[in-house]
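Dear colleague,

I am passing a structure on to you with this email, and below it I set out what was found. Please keep the sequence and the model open beside the text as you read.

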Amino acid sequence: MDNLISQALNKAHMGIMIVDRHLKVVVWNAWLERFTGKSVEEVVGLNLLEVCPRFKTNMYLNILQNALYHGQSRFCSSALHKAFILPNEEGEDEQLFRQNMHVEPLYHEDRSYALIQITDMTNTNTRVYKLKNLIKELETEYAKIKISEKISKHLSLHDPLTGLPNRLAYNDRLAWAISNAQRNHSKLAVMFVDADGFKQVNDTYGHHVGDQVLLEMAKRLSETIPSADTVARLGGDEFIILSHLKDDHDAEVIAKRLEAAFSTHFKIAGNYINLSMSIGISLFPKHGQEPSELLRHADGAMYKIKKNGKNGYGIYEPENA
């Protein structure tokens, strides 16, 4: 069966490669060998960024990370992105090439991979005559696609009410922050922030006032944390903060600033509204190495504060500590 699958991959009229979570190439089919002149023996085991420098840009790194960490598929049109893999033909103008790319998540034995499919859309006439008229049409299409992709990306990564990053964007930033912190031996804090008694605000004043309170909460949180940190809205009255620390103690300093920021009332539509905050904190690398682990521990620390009377902060304490 493995031989049959290998034959199918090498008969495919498109480039097919698979990379792991470290971006190491694990599959490189015959189409890619012919097109690039790089054999499977040369490429497998190498980092994709060494083999295909185009993927070093943030746009394509984000596409790969979304497939590997969030299970997201993505199609990139040749009209906008042009070529992803360069040919093995000296003197060829790479601007003449057009390739579609489709990135899909794969899973095997509890590990995630990214399947990258490259389809050559280059027309012979395009390469010979450059098809000047077609290029003019593509310029218009390029502008439309670029605007559409920008709007789509923003909407998919931001909370529609507050404009803050959403859960998806936060998870992505946390994964990247952990990766950087591991390399630099630095520290991070994950903080779950939940408003105490927010349901009563909606019940008493209505959802319109509740939305205004959420906007003010987002504003105070953003103004309180350092500019290099991230505050995101998970939904409802739940917010989450990613903080870069010099020392674990810095997390408590930030938590106290957040408490102070919410010590004064909100004035919304002539109403004076008081809200306290319950804050749960987990620390990297002290409380975990994986995003899900840190998020779970911060959430648990926050609910412990809720259970013990609300209005305060707490740092995760392992059960066996």
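Let me begin with cysteine 76, which has a relative accessible area of 0% and is therefore buried. Please bear in mind throughout that this is a predicted model. Cysteine 52, at 4% relative accessibility, also counts as buried, because the cut-off for that word is under 20%.

With those cysteines in view, how many disulfides does a search of the whole structure find? The search finds zero, and cysteine 52 is accordingly in no disulfide, its nearest cysteine sulfur being that of cysteine 76 at 14 Å. As a reminder, a disulfide is a covalent bond between the sulfur atoms of two cysteines. The sulfur of cysteine 76 has its closest cysteine sulfur in cysteine 52, and because those 14 Å are too far for a bond, none is assigned between them.

The largest pocket holds about 670 Å³ of space, and of the 26 residues that line it, the closest to its centre are Met59, Ile63, Arg74, Glu149 and Lys153. At least two lining residues come from each of the helices α5 (58-70), α6 (78-81), α8 (132-157) and α9 (167-184), and α8 contributes the most, with nine residues. If you sort the lining of the largest pocket by class, you will find nine nonpolar, nine polar and eight charged residues.

The second largest pocket has a volume of about 440 Å³. Its lining is made by 16 residues, of which Arg21, His22, Tyr69, Ser179 and Gln182 are the closest to its centre. The elements that give two or more residues to this lining are α5 and α9, and the largest share, six residues, belongs to α9. By class, the lining of the second largest pocket divides into eight nonpolar, five polar and three charged residues.

Just after α5 you will come to glycine 71, which takes a positive phi of about 70 degrees.

With best wishes

Definitions and conventions:
Residues numbered from 1 in each chain as written. Predicted model: local features only at pLDDT ≥ 70, side-chain atom pairs only at ≥ 80, totals over all residues. Heavy atoms only, no water. 1 Å grid on protein atoms, 1.4 Å probe; cavity = no way out; pocket = protein on both sides within 12 Å on 5 of 7 lines; lining within 4 Å. Points joined across faces, edges and corners; volume = space filled by probe spheres on them. Helix = DSSP H or I, 4+ residues; strand = E, 2+ residues; numbered from the N terminus. Nonpolar A, V, L, I, M, F, W, Y, C, P; charged D, E, K, R; others polar. Disulfide = S-S within 2.5 Å. Buried < 20%, exposed > 50% of the residue type's maximum accessible area, 1.4 Å probe, protein only.
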